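Please look through the following model with its helices and its surface in mind.

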Amino acid sequence: MERTKPVNQTQQVCRICGTKGPHQIYRVREMMFGTREEFSYYLCDHCGCLQISEIPSDLSIYYPKNYYSLNQCKTPRHRNLSLARAFLEKVRSRTALFDKGYKLNKLASQLVDMPPEINPAGPFIRASGIRSWNAAFLDVGCGSNSWWLNNLQALGFKNLVGVDPHIGHDIDEHGIRIRRAQIHDIEGQFDLISLHHSLEHIPDQLNTLRAIKSMLKPNGHALVRIPLVSSLVWDMYGTDWVELDAPRHLYLHSLESIELLGRKVGLKLVKTTWDSSAFEFYGSEQYRRGVALTAENSYWNDPSKCDFTFREMAEFSALASKANLDGRGGRGCFLFRTAD
């Protein structure tokens, strides 16, 4: 039987919906660092969530010091700006985010462009109903350098907290506080709690989202970015899909299973978008060719040393764009709000 096809079935109980098999089993290689150690995953026959069969007893060994998210915190772009430019950009951000200060924004627009951080953060801040710079944010599983909190800091927000159990120590820089801890150790109430490609790493999905829900202010929101098994790239590449990232990714949700998970803890799904990129496809193609993500000839590691042509890279980008438009991207963004 082909390696990318199911190899057997299991009667294990799905950790998301509680359904007892038969579920299809797949064998998945570790390919970020290229150890090629194999792990068993099963695809729930009911909710469609692909999950590791047995969670390793010590996950920390799969997060070495050179793991990409554990690098040292970088200086946010905002701190490199002059006071005058920082003020003008904040004027522009205030209008874009809160619909305030249109007259002053018109004057500022003659001098500075809209801050680039508006693009990734703005739509979710507006959709969350945040109307003040005093809003409180928590980024879960952010590593030692949270691009999300850096963006928010650059826009003008001040109440910024991150948490990650895998970083070496607590970090307090540029008004951003990142704690080496579990989410259950964090105190306070937040307007928006984000999990940017961290939920798939967390063993206890239900209790994690339950904790997040309890930490949200009334009408608060949770933003979850995850890889999606209900996607074109999974259909094309199967167990060579780069986002499987065995064994670090414990859960690869489907559209159905992530909504079900939120509903179980009292979170209502209010917005879904897809943000798959060429990485989904070139990374998976590399795995199919036996090239690890961190190999010297990996595009992710050094584009100049890879074997992909410009035409191939353009095709990967086109596939990602089409998958997003069709609602079949391999990465999804889910905005939940408190349901009660």
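How are H1 and H3 oriented to each other? In this predicted model, where local features need pLDDT of at least 70, side-chain atom pairs count only at pLDDT 80 or more, and totals for chains, interfaces and linings use all residues, the axes of helix H1 (residues 83-98) and helix H3 (residues 118-127) cross at roughly 40 degrees and come within 9 Å. H1 and H3 are therefore oblique to each other, since angles under 35 degrees count as roughly parallel, over 145 as roughly antiparallel, 65 to 115 as roughly perpendicular and the rest as oblique. Residues are numbered from 1 along each chain as its sequence is written, and side-chain values use heavy atoms, with hydrogens and water left out. Ser 93, Thr 95, Ala 96 and Leu 97 in H1 meet Ile 118, Gly 122, Ile 125 and Arg 126 in H3, contact being heavy atoms within 4.5 Å.

Helix H8 (residues 278-288) is largely enclosed by the rest of the structure, because 10 of its 11 residues are buried (under 20% relative accessible area, with exposed over 50% and partly exposed in between, for a 1.4 Å probe and protein chains only). Among these buried residues are Phe 279, Phe 281 and Tyr 282, and the buried residues of H8 pack against strand S2 (23-29), helix H6 (232-237), helix H9 (310-325) and strand S13 (331-338). Just after H8, Gly 290 takes a positive phi of about 85 degrees.

At the surface, Leu 107, found in helix H2 (residues 102-108), is exposed, with a relative accessible area of 58%.

Definitions and conventions
Helices (H or I, at least four residues) and strands (E, at least two) are DSSP runs, numbered from the N terminus. Axes are lines fitted to C-alpha atoms, for helices over the stretch in contact, and angles run from 0 to 180 degrees between N-to-C directions.
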